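Subject: Structure for you to look at

Hello,

Here is the structure I said I would pass on. Please open it beside this email and follow along.

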Amino acid sequence: MAAYVALIRAVNVGGTGKLPMAELKTLAENLGFTEVSTYIQSGNLIFRDGGEPAEIAALLDRALGDRLGEAPGVFLRTPAELRAVLDGNPFAAMAPERVLVSFFGEPPGDDALHGFLAPDGEEAVVRGREIYVHYPIGSGRSKIKLPALKIGTSRNINTVARLAELAGGIEGA
């Protein structure tokens, strides 16, 4: 069975989508996922399953929708895909806590940076199913406008590295 990381959108952020990670773990186990664990309080689920990735993401999204009242959006990646995200980081020379990767189910498209306003010197690059954004003053203080980010979910590079490590640990087991 393959190892996966589910990056769940809008969980425990800004007072919306409240979901204790112990409850997320139980929900995943009840769906039949194995070797389930979570990482920090922002909707990161590590597990094994033998199904097709698109079906797994849809199943988890529906189950979370039942629990939360609205499907949040689930973006699945393998450990190898997360390592490729790290290897492809166009802002590798920048402080990792100031680089966020937004994950999407499909490549965001050629117009993904349409409407991008970077008043604080932010930079954005689209690669595959991700958009990388460098926030020179930090994402919490930034006044960035990038409409495409609203449908994805973001993690900083440190979190992506840790998730790749955790998922890689069960992948090799």
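Two strands count as paired if DSSP finds at least two bridges between them. Helices (H or I, at least four residues) and strands (E, at least two) are DSSP runs, numbered from the N terminus. This is a predicted model, in which local features need pLDDT of at least 70 and side-chain atom pairs count only at pLDDT 80 or more, while totals for chains, interfaces and linings use all residues. Residues are numbered from 1 along each chain as its sequence is written, and side-chain values use heavy atoms, with hydrogens and water left out.

The sheet

Strand E5 (residues 99–103) and strand E7 (residues 130–134) run antiparallel and are joined by five bridges. Leu100 stands opposite Val133 in E7. Both strands belong to an open sheet of four strands, with antiparallel pairing and the order E6-E7-E5-E8. Strand E6 (123–127) and strand E8 (153–156) are the edge strands, each pairing on one side only. On average, neighbouring strands of this sheet are turned by 25° against each other, direction ignored. Axes here are lines fitted to C-alpha atoms, for helices over the stretch in contact, and angles run from 0 to 180 degrees between N-to-C directions.

The helix on the sheet

Helix H4 (residues 157–171) packs on the sheet and touches E5 and E8; contact means heavy atoms within 4.5 Å. The direction of H4 makes about 90° with that of E8. H4 has 15 residues and reaches 21 Å from its first C-alpha to its last, close to the 21 Å expected at 1.5 Å a residue. The expected span is 1.5 Å times one less than the number of residues.

Which residues of H4 are buried? They are Ile157, Thr159, Val160, Leu163, Ala164, Ala167 and Ile170. Buried means under 20% relative accessible area, exposed over 50%, and partly exposed in between (1.4 Å probe, protein chains only). Seen down the axis of H4, the buried residues fall within an arc of 155°, so they line one face of the helix; the arc is that of the directions from the helix axis to the C-beta atoms. What covers these residues includes E1, E2, E3, helix H3 (79–87), E5 and E8.

The hairpin

E2 and E3 run antiparallel and are joined by three bridges. Thr38 stands opposite Leu45 in E3. The hairpin has five residues between the strands, and Ile40 takes a positive phi near 45° there.

The aromatic rings

Rings of Phe, Tyr and Trp (its six-membered ring) pair if their centres lie within 6.5 Å; planes under 30 degrees apart count as stacked, over 60 as edge-to-face and the rest as tilted. By this rule there are two aromatic pairs. Tyr4 and Phe47 form a tilted pair, 5.9 Å centre to centre with 35° between the planes. This pair links distant parts of the chain, since Tyr4 is in strand E1 (residues 2–8) and Phe47 in strand E3 (residues 44–49), 43 residues apart. Tyr4 counts as buried at 5% relative accessibility, and Phe47 is buried at 0%.

Phe33 and Phe47 form a stacked pair, 4.3 Å centre to centre with 15° between the planes. Phe33 lies in the loop between helix H1 (21–30) and strand E2 (34–38) and Phe47 in strand E3, so this pair ties together parts 14 residues apart in sequence. Ring pairs link Tyr4, Phe33 and Phe47 into a cluster.

Regards
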